[in-house]
Amino acid sequence: MPDYDPHYVPKPVSFNIGVKAIVVNQTGEILLLRRSEKVSRAHGWDLPGGGVDNGEHPADAIVREVQEEAGVPISSLRLFDVFYYGQKELTEWPSNVAVLCFWTTTQSTDVVLSWEHEEYQWIEPKAALNLELPPSYQAFLRTFNQLPTSYEGWKGRGGLEPRTT
């Protein structure tokens with residue numbers, strides 16, 4: 001064990017938290033959004049989601065982000081994966097980012113896009129792997145494709161519900 005250093009001062013640790021959702025409709029398809037020219041990765045395919053605001057619970061953030069970007073109500077949030085971008089992998093973020101990925105469901109397929117996106121599609125989860133997606137989204141989809149496909153398969157695994165009061 002290293003010797004005690006009485007002059008040791010811990011360095012502050014900081015990183016951003018993002019949230020993404022794999023939104024599943026009643027037929028088992030997932031929602032993908034195509035980014036508009038007004039945002040980074042213009043015209044690339046995207047999962048709904050974004051940043052967690054200061055003081056916001058991640059479960060509230062993903063509900064808000066899906067509503068803002070796609071206008072669909074979601075339920076049964078299940079956190080199933082985390083992806084970490086270190087400083088070296090980032091090109092447009094100022095600091096480290098941990099992205100939490102949720103599996104969630106919707107009863108609606110009536111998408112209303114925000115200015116951030118120009119197109120959407122409902123697609124089979126395995127087919128989505130054939131699209132050009134960032135490495136973290138590919139990883140999320142590979143993990144998702146190995147998960148139980150029904151609520152029954154998730155019983156006892158825990159979930160998150162929005163905490164907004």
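**Helix, cores and surface**

Reader: Which residues of α1 are buried?
Author: The model is predicted, so local features need pLDDT of at least 70, side-chain atom pairs count only at pLDDT 80 or more, and totals for chains, interfaces and linings use all residues. Residues are numbered from 1 along each chain, and side-chain values use heavy atoms, without hydrogens or water. Buried means under 20% relative accessible area (1.4 Å probe, protein chains only). In α1 the buried residues are P58, A59, D60, A61, I62, E65, V66, E69 and A70.

Reader: What do the buried residues of α1 pack against?
Author: Contact means heavy atoms within 4.5 Å. The partners of these buried residues are β1, β2 (30-35), β4 (49-51), β5 (75-85), β6 (97-105) and β7 (117-123).

Reader: Which residues touch the most other members of the largest nonpolar core?
Author: A nonpolar core is a set of buried Ala, Val, Leu, Ile, Met, Phe, Trp, Tyr and Cys residues joined through side-chain atoms within 4.5 Å. The largest has 19 residues. Those touching the most other members are I22, I30, F80, F140 and F144.

Reader: Which elements give two or more residues to this core?
Author: Helices (H or I, at least four residues) and strands (E, at least two) are DSSP runs, numbered from the N terminus. The elements asked for are β1, β2, β6 and α3 (135-144).

Reader: Is I17 buried, partly exposed or exposed?
Author: I17 lies in strand β1 (residues 16-24). Exposed means over 50% relative accessible area, and partly exposed lies between that and the buried cut-off. I17 has 35%, so this residue counts as partly exposed.
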